[in-house]
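Opening the notebook on a new model today.

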Amino acid sequence: MDITSQEIDAIVQKVLAGIQTGGAAPVQPSYTCKTAAAAAPASAAGDNGVFENVDDAVEAAWKAQREWVANFKIEDRRRIIEAIRRCARAHVEEWSRKIVEETGMGRYEDKVEKHLAVINKTPGPECLTTEALSGDTGLMLEEYAPFGVIAAITPTTNPTETIINNTISMIAGGNTVVFNVHPRAKRVSAQCLQELNKAIVEAGGPANLLTMTREPTMEAVDQLAANPKIRLMAGTGGMGMVNALLRSGKKCIGAGAGNPPVIVDETADIALAGQKLYEGASFDNNILCFAEKEVFAVGSAYDGLLHELKKNGAYLLSAAQTEQLVRICLKPKKNGGHEVNKDWVGKNANEILRQIGVQVPDTCRLAVCETPADHPFVLVEQMMPILPVVRVGSFEEAVECALVAEHGNRHTASIFSKDVDHMTRFARAIETTIYVKNSATKAGVGIGGEGHCTMTIAGPTGEGITCAKSFCRRRRCVLAEGGLRIV
């Protein structure tokens, strides 16, 4: 939803062409940054991590990484990460408001909750556990070691949340990070990065553990992919971005798109399902990749579910109103089908409904529509507070429809059921990274559920719910001949 597949493919082709010919990729037009945080002139020394060009940003991060691993212990990492958490907590409300102002997407109060989740529930070095094996032939240790300098691409949907989350995870593993932030969130992203760098230095850490370019451009992604000092590319966004990064020749961790389906079967607690679906599908106006996007309700549960959704505050669209919204919120594709009209991504439900003459208060956070399983709102990841509900004849039909709607992303899915067999069968069929039973899907990343939090859910490349160990190499050390064994 941030950078299109075509744009990313163009980037990769330029990178590969530049590598093959030894030439430089053509310069793309830059964006103008007018933030107060980035207004001061910066030299190669940087402005609290903000640099004028990619090479300076990478060089600074490379030098910082060498200092970070040479002169700072694990306990230092813990201390500095706590300073990062304190800094981020102090700016939660400010950054949440600025994201809404700059991107025009989402809800302030939900962004506060997202920030607090990544601040409080992103693990630090504590997850980097050493594995040891002792036997007749000696001793073996396996530990997590840094890659070095990581290039991290962040989305417009969760800009500072992803910076905070990636920062904690990546530097906990001994890495440093060069961010390429989304141009539509560059002002608040620059401010966040600068404040985190200040907190690191004030806590006794090295400067430039985090860097970025003042002007995030498409060319910058080119240069990061081609720079030999970048050891790992991490991207949070759509599948086009992930596939393109995988073709760049670098080690990649990719968090791609999702279109999470929900099944509500005949055994479900319908009141709970209505409450949690309203809560989850409306959270931050549904811009999260793991948010509920479509519901398949078995016939006996269907009418009760619609009643509970309306009871919780949802507006139920008529068939005519649904088709009006399709024409506004989606656009026909040249080769058939539909794609999202980005002008409406992350907008409030009342703003969207106003376009078809429906007046509802801002407290109405979700529009619900009754659709068939092949409706565009079901098949397109629209990232708006519009939830299609499909009536199905059986649990088996619900699973079949969910598999089609999820498009093989294997990102997130959920079920409301009291039938353990149904829960198990759907989990095995859908194969998603996140699978939630009887709650909103945000519980799957620790927002109202157990487990740690991340904004980088690396399903395509297999790391899953990322943490510090996801951004580390496993290294083995062996002492042979029985040395150091005491038995």
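Predicted model: local features only at pLDDT ≥ 70, side-chain atom pairs only at ≥ 80, totals over all residues.

**Entry 1**

Strand β3, residues 138-146, runs antiparallel to β20, and I found 9 bridges joining the two. One pair I looked up: L139 sits opposite L479 in β20.

Stepping back, I see an open sheet of 3 strands, ordered β2-β3-β20, with antiparallel pairing. Its edges are β2 (131-135) and β20 (472-480), each of which pairs on one side only.

**Entry 2: the seven-stranded sheet**

Next I traced the other open sheet, where 7 strands follow the order β11-β14-β15-β10-β9-β16-β17 and the pairing is parallel. β11 (315-316) and β17 (434-437) are the edge strands, pairing on one side only.

β11 pairs with β14 (residues 367-370) over 2 bridges, in the parallel sense, and Y315 stands opposite A367 in β14. From β14 I crossed to β15, parallel again, with 4 bridges; there V368 has L387 as its bridge partner. β15 and β10 are likewise parallel and joined by 4 bridges, with A297 opposite R391 in β15. Then β10 to β9: parallel, 4 bridges, and I263 facing F296 in β10.

**Entry 3: what covers that sheet**

How many residues of β15 are buried? I got 6 of the 7, so β15 is largely enclosed by the rest of the structure.

For β9 I checked both faces, and both are covered. P261 and I263 are buried on one side, V262 and V264 on the other.

Helix α14 (residues 395-406) lies across β9, β10, β15 and β16 (412-416), and runs at about 170° to β10.

**Entry 4: α4 against α5**

I then picked a helix pair. The axes of α4 (residues 108-121) and α5 (residues 159-172) come within 9 Å and cross at roughly 5°. Angles under 35 degrees count as roughly parallel, so α4 is roughly parallel to α5.

Which residues meet there? From α4 I listed K111, K114, H115, V118 and I119; from α5, T160, E161, I164, N165 and I168. I sorted the residues of this contact into 4 nonpolar, 3 polar and 3 charged.

**Entry 5: the cores**

The largest nonpolar core has 64 residues, and I164 is listed with F179, L196 and L210 as having the most contacts inside it. Helix α3 (residues 74-103) gives the most to this core, 9 residues.

What does I164 touch, leaving out residues up to four places away in sequence? My list reads A88, W95, H115, V118, I119, C192 and L196. H115, V118 and I119 are residues I had already noted in α4.

There is also a second, separate core of 23 residues, which includes L325, I352, V358 and V360. As background, nonpolar side chains tend to be buried together in soluble globular proteins.

Key
Residues numbered from 1 in each chain as written. Heavy atoms only, no water. Pairing = 2+ DSSP bridges. Axes fitted to C-alpha atoms, helices over the stretch in contact; angles between N-to-C directions. Parallel < 35°, antiparallel > 145°, perpendicular 65-115°, else oblique. Contact = heavy atoms within 4.5 Å. Nonpolar A, V, L, I, M, F, W, Y, C, P; charged D, E, K, R; others polar. Core = buried A, V, L, I, M, F, W, Y, C linked by side-chain atoms within 4.5 Å. Buried < 20%, exposed > 50% of the residue type's maximum accessible area, 1.4 Å probe, protein only.
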